[in-house]
Amino acid sequence: MNTVEVIHFFTFDAITYVVSVILIYRIQLADKRLVNKSLSQRTMRDVFVSIRGFSIWVSKQTTIRTLFEVTVIMVFFNTWVWEVGLLLQLIETTSSGEEWYSILLGWYGAIVIVVNLLIPFFWKELSMKM
C-alpha cells in the first residue's frame with residue numbers, strides 16, 4: 001500500500017469487474033430455446049429465462065440446494081470473520097495490527113495456493129489440468 005495510492009486498489013477492483021463482464025459476455029449459452037438464435041438475436045430476457053430455469057431445477061434438487069446454502073454461509077463467515085473480525089481484533093490488541101493482518105493474509109494466500117497445487121498429487125483422480 002505504500003507503493004501506490006489506495007485509490008488504485010479500487011481501480012484494480014473495477015478493472016477486474018470489467019474483465020469479468022467481458023468473460024461472462026463470451027459464455028456460449030447451450031439452452032435449447034436459444035440454440036437456434038444467433039448471438040445478435042439473444043436478449044437480456046434470455047439470460048433471466050435461463051436463471052429462472054436453473055432456479056426451478058435447483059429448488060427440486062435438495063443436495064445442490066443444500067450445497068449452495070452451505071457455501072453461502074461458509075463464504076459469508078469466512079469473509080466476515082477472517083477479513084473483518086481478525087483485522088478489528090488485531091487493531092484493538094496490538095500496536096501494529098494492520099501490519100500483522102497483512103502478514104497473516106499473505107501467508108494465508110500462499111498456503112491456499114500451495115494446498116490447491118498439491119491436492120491433485122494426493123488425490124489421484126484429479127490432474128493438474130483438471
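Start with the whole protein chain and its contacts (heavy atoms within 4.5 Å): among those with a separation of 6 or more, residues 24 or more positions apart account for 5%. What you have open is a predicted model, in which local features need pLDDT of at least 70 and side-chain atom pairs count only at pLDDT 80 or more, while totals for chains, interfaces and linings use all residues. Residues are numbered from 1 along each chain as its sequence is written, and side-chain values use heavy atoms, with hydrogens and water left out.

Now colour by secondary structure. You will find four helices and zero strands, in the order α-α-α-α from the N terminus. Helices (H or I, at least four residues) and strands (E, at least two) are DSSP runs, numbered from the N terminus.

Buried residues make up 8% of the 130 residues; buried means under 20% relative accessible area, exposed over 50%, and partly exposed in between (1.4 Å probe, protein chains only).

Select F54 and W57 in helix α2 (residues 44-60), where they sit three residues apart, about one turn of the helix. An α-helix has 3.6 residues a turn, so residues three or four places apart point the same way. Rings of Phe, Tyr and Trp (its six-membered ring) pair if their centres lie within 6.5 Å; planes under 30 degrees apart count as stacked, over 60 as edge-to-face and the rest as tilted. The count comes to one aromatic pair: F54 and W57 are tilted, 6.0 Å centre to centre with 35° between the planes. F54 is partly exposed at 42% relative accessible area, and W57 is partly exposed at 42% as well.

Move on to V84 in helix α3 (residues 62-93). V84 counts as partly exposed because its relative accessibility is 30%.

Finish at helix α4 (residues 97-122). Here G97, Y101 and P120 are buried.

Definitions and conventions
Expected span 1.5 Å × (residues − 1).
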